[in-house]
Amino acid sequence: MRLQTFNRLFPLVESGKVAAGPMTAADHLAFLLDRPINEVNGNGELIAEGLLKSKEIYNPDFLIVFADISVDAEAMGAEFNFPATSNPNPKRNLDSEQVSTVDMAVSGRIPELFKAAEIVRRETSDGFPIFFSIKDPFSLAAVLIGTDRFLISLQENPESARRLLEKCCLSQIGLVKTICERGFIPLVGAPIASGSLIGPGWFEKFVEPYLSRLFDVISEQNSFRCIHICGEVASLTPSITRLKPDLLSIEEWDTEMWKHLPDTIPMGYVSTFLFNSQDTERVEKATIECLENLPKPCIISTACDLPPKANPVLVKNMMEIAGAIAPPLGPPSECAGDSFIPLHNITINPENSILEVKQGANIKRELERHGRVFLNNCGNRGECLSCSAIFSKNAPEMTETERLAFGEHSRSRMTCQHTVTEDVTIFLPPHSVHNIKKPLSNFRATGGVSGWGIGVDLGSTVIALYLTNLESGEVVNQHSFLNPQIKFGGDVMSRLEAAKNKKKLTQITSHTHAGIAKAIDHLCKSSKISRTNVGDFFIAGNSVMSHFWLGHGGEGIERVPFRSFLEGQGSVRFDPKIVGLPSSSDCKLCPVIEGFIGGDTVAAILASDLDLMKGRRLLIDLGTNGEIVLAKDGELCSTSTAAGPAFEGVGMTSGMPAVPGAIRGFTPDGDPDVIGGLDSMGICGSGYIAVIADLLETGVMSPTGLLEKDKHGNRHWSINSNVVVDQGDIRKFQLAKGAVAAGVETLFKRAGMKSDSLDEVILTGSFGSRVDPVSAIKIALIPDISVSKVTFVDNGAGRGAVLCLGSQVYQARAEQIQKRTRVVNLGETNGFEELFVLNMHFPGSELNEI
Amino acid sequence: MHIYDKLAKAVVEMKAAEVKLLALQVLDEGFPPDEAIQKGLAVGMQEVGRLFSCKDYFVPEVLVSARAMYTGFNILKPKVIEGAVADKGTILIGVVEGDYHDIGKNIVKLMLEASGFRLVDLGKNVSVDAFTRAVVEEKPAIAAMSTLMTTTMDSMEEIVVRLTKDAPEVKIMIGGAPVNQDFADSIGAHFYGDDVDQAIVGAHKLLGIKA
């Protein structure tokens, strides 16, 4: 119920999450616009400008049209002074009996506020929530005749007080009707109807009945019952429970009260005083406390409206912490008037240019303003890595996603996820447009069928979709994003562990479905085709990804003998609805062979024609889980081996993904070959293979893997101060290399074959950059054959998936591969252990038995 | 160089043939075989353990050293008068159900053996039942288990529950990549070791004896 309301209120926020935004009044907006308060608080255009500016700076998930607490009383006839530097103060209160019901929507400054709301609506996307603040009848009455006088009248002349409340209530009922009719959401503020001021008894008598009537009107209008109560609320629990608000904004937390409000969305309650300081830590702490306490889904907000000179940096801090779901960036800002924000430098290497930018500015947006072009695959949600740069100085704190994607020690960051808080130096190669996947060269479907299809490489780290014209076979567009499952664990094993929890499993599945549905939407929109024309959809993923896709957990995969219930099942059809495709489309999941030999391997076999070709061929996927397939005239035998993440550079001292700054090998002159530029920042997976081959060849490392000592007596080898290889890195690499080489050797033994009889070795995997075959042979990672026989299949899974689109032939082959591939389980193979240990050494070792 | 030091050195240098000659020489020259095991072979193996910890040696070197050590051990052990070698206690060791990865377990086993414990190795993929039954039958002082896979950690918990009931006197130690102290505490294991060194320290500590 709470979730439903939340999703209706925040259609732009992904279901079930947290929304965030500060409460702002005209005084803070005036500060942001650098104008006097009295110029802004009665001017609809300026209020709108201030709100839009605040939206740009804070990226909130909603805006509240609110000037100050005197607006409603002024509309009913009270008079106020309007100073330049503070909010209006009363000039003349009314007498209770002078007050009459008025048409609020056309009185005082309220028409200006409607004007502001209309402008904001015009300038924001459809569905962006715009709240319109009004006062509850009790607070309105208090402001109208003076709070002291009103409170005394409750005691001495309750009948007169009730008559006043009645008139206030009728006026506000008219106003909320107009607000709802115009499509805004009324937010009822109760600054004086606070527990600390009046206590539960009076609240029940003088606040609740009128609020209740106001809420009834709001419900009739099919809008939301939203209220903000200042100060203490716990004692008001019985009244609030009866009022059943859809949204309750609070200043103080009370656990007990929320147990009675299962359907109410909580909003709050980062103390507004904190925003006057420079103290980021306290704001962070307070925000985290809110995130921990508030029942989800919730709205992280300030406890009340921001003080006029609230420090924008701190507000952004609150937003960043709350905003695991950072909303898309707004358009670039060109507004003047925020000179109070300090400036910092972004130094961009290798060209050594310097940008001077305002504190709090989004780094990616600043780079874009200065002419950098990025592939924007994820809408700045920190999901696609396409805007990554390496921070050589003052790398900001990592997001969880970055930690999982780049590794704990990496200095790579997604620029869309960080703002400028100090001088930074980043490394961006010239014309940096690096995608996580290779371009689409010679990558196509069989063609000859009508309509459109989408092939999906459902990787455990990156998911890639390929939109394909089924008539021509051409892949016309692609889209990649980080697998949303990453928040349930960086590697497949920890996700399997998480999935033992039913609720988490449901989330894993639904997040993946939603992510792909969104990606389909994006692909179709950017290619200007309707999603109803997508007739074929084919997904290839490893067995765990396939299980999760179908809503299943590990079930057999996570334990020996690593079996999957999908074995022998052929392609599994699934409901097109889960990815938002028409029910007529043909949606299938690639067959899997076994628990650790999945649909991605089947697709890679298809992409390399291993099942058809004559001769003896070996396919090796160099990933965390190394799948190996040996083909003898199309007869397939396969195994998988736990190599660990070393081949992806993960867990190594200087390991990094194959992005600019990574050493990927050596140039013919023997210099490090660095992706994108000059300074090396680390080593990617393929780089390690080249570096270790070089160390072996030059004798810096012995065939047993022991490094020479450097002049300090450490077993260390450094290229520069950033990039080192230590003995521990070599040992991790030896485990990975030993596992793969022993797997290959085991398959040869089973097939009664010698490695020199091979016609081809095909390498595939998630290196992002090609392995140097000479190095791979030198360190005996792959069999010692002529380099000309080593080939590569990039994106084997994606290619195979595309080939299956609309093709009965390829789909039938996939099913045949599933049926015919013989699986060798290394754990059950006698002598595997010994092969594993022997293969940890490099060529030149004298070790030949254990 | 004393013959015991030569034995230790040959173990560290992985020279099985030399260990064999030295062991025969020990017997020829009338040195007590139990002393040769303790001050020669075991000392050599402890040095191997140190080299493994500081990463100068890796799995193959440890296993080849162990092979050299056993060459000598198999010659000397039959000549030891019963009871002359102090037995520090029996440790039962195995990789829990669902997992085949046992290289780490094998190294821990070797080093514990070299430190003077008697080891009973249940191997890999050991079911909860089999593990519990073996503990009840063998009555070891310590039951040690490991896994490399996150997904099989709950077997450990089941074994601890069973052992607490069926063999309450046994001390339980655990290890393996996904395991940590918090996990050990949460399932009620008596000791968690991060590496082979800690396993040796822990085994002594659990039994209240000196290394």
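Accessible areas here come from the Shrake-Rupley method with a 1.4 Å probe. The model itself is predicted.

**Stop 1: chain A as a whole**

Select chain A and show its surface. Chain A exposes about 32,500 Å², and carbon and sulfur atoms supply 49% of this area. Switching to a cartoon brings up 26 helices and 32 strands.

How many of the 850 residues in chain A are buried? Buried residues make up 58% of them. Among the contacts in chain A with a separation of 6 or more, 68% are made by residues 24 or more positions apart. Colouring by charge displays 80 positive and 100 negative side chains in chain A. The centres of these two sets lie 3 Å apart.

**Stop 2: the domains of chain A**

Colour chain A by domain, using four selections. Domain 1 takes residues 2-10 + 17-322, and domain 2 takes 343-427. Domain 3 covers 449-587, while domain 4 is made of 609-792 + 807-850. A distance drawn between the C-alpha centres of domain 1 of chain A and domain 4 of chain A comes to 62 Å.

**Stop 3**

Select A:Met76, which sits in the loop between α5 (71-75) and β3 (79-81) of chain A. Is this residue buried or exposed? A residue counts as buried when its relative accessible area is under 20%. A:Met76 has a relative accessible area of 5%, so it is buried.

Next, display the residues that A:Met76 touches, leaving out those up to four places away in sequence. They include A:Leu94, A:Val99, A:Ser100, A:Val102 and A:Met104. Also among them are A:Leu140, A:Leu144, A:Lys167, A:Cys168 and A:Ser171.

A:Met76 and A:Cys804 are 728 residues apart in sequence, and their C-alpha atoms are 70 Å apart in space.

**Stop 4: two cis peptide bonds in chain A**

Centre the view on A:Pro297, in the loop between α13 (280-293) and β10 (299-302) of chain A. The peptide bond that leads from A:Lys296 to A:Pro297 is cis, with omega near -10°.

Move on to A:Pro561, which is placed in the loop between α19 (543-549) and β20 (572-573) of chain A. Here the bond from A:Val560 to A:Pro561 is cis, with omega near 5°.

**Stop 5: two residues with positive phi**

Remain in the loop between α19 and β20 of chain A and select A:Phe562. Although A:Phe562 is not a glycine, its phi is positive, at about 55°. Its relative accessibility is 11%, so A:Phe562 counts as buried.

Then select A:Ala780, in the loop between α23 (773-778) and β31 (790-792) of chain A. A:Ala780 also is not a glycine, and its phi is near 60°, a positive value. With a relative accessible area of 26%, A:Ala780 is partly exposed.

**Stop 6: chain B as a whole**

Hide chain A and select chain B. Its secondary structure comes to 9 helices and 5 strands. In which order do they follow along the sequence of chain B? The pattern reads α-α-α-α-β-α-β-α-β-α-β-α-β-α.

The C-alpha atoms of chain B fill a box of roughly 55 × 35 × 25 Å along the principal axes. A compact globule of 211 residues would have a radius of gyration near 17 Å, and the 18 Å of chain B agrees with that.

Of the 211 residues of chain B, 51% count as buried. The accessible surface of chain B comes to about 9,500 Å², with 54% belonging to carbon and sulfur atoms. Residues 24 or more positions apart supply 73% of the chain B contacts with a separation of 6 or more. Chain B carries 22 positive and 30 negative side chains, and the centres of the two sets lie 5 Å apart.

**Stop 7: the domains of chain B**

Finally, colour residues 3-79 of chain B as domain 1 and residues 90-207 as domain 2. The C-alpha centres of domain 1 of chain B and domain 2 of chain B lie 26 Å apart. Their contact takes 12 residues from domain 1 of chain B and 9 residues from domain 2 of chain B.

Terms used. Residues are numbered from 1 along each chain as its sequence is written. Chains are lettered from A and ligands numbered from 1 in the order in which they are written. Side-chain values use heavy atoms; hydrogens and water are left out. Helices (H or I, at least four residues) and strands (E, at least two) are DSSP runs, numbered from the N terminus. The radius of gyration is taken over C-alpha atoms; the globule rule is 2.2 Å times the number of residues to the power 0.38. Buried means under 20% relative accessible area, exposed over 50%, partly exposed in between (1.4 Å probe, protein chains only). Contact means heavy atoms within 4.5 Å. Lys and Arg count as positive and Asp and Glu as negative; His and the chain ends are not counted. The place of a charge is taken as NZ of Lys, CZ of Arg, CG of Asp or CD of Glu. Domain bounds come from an automatic or database domain assignment.
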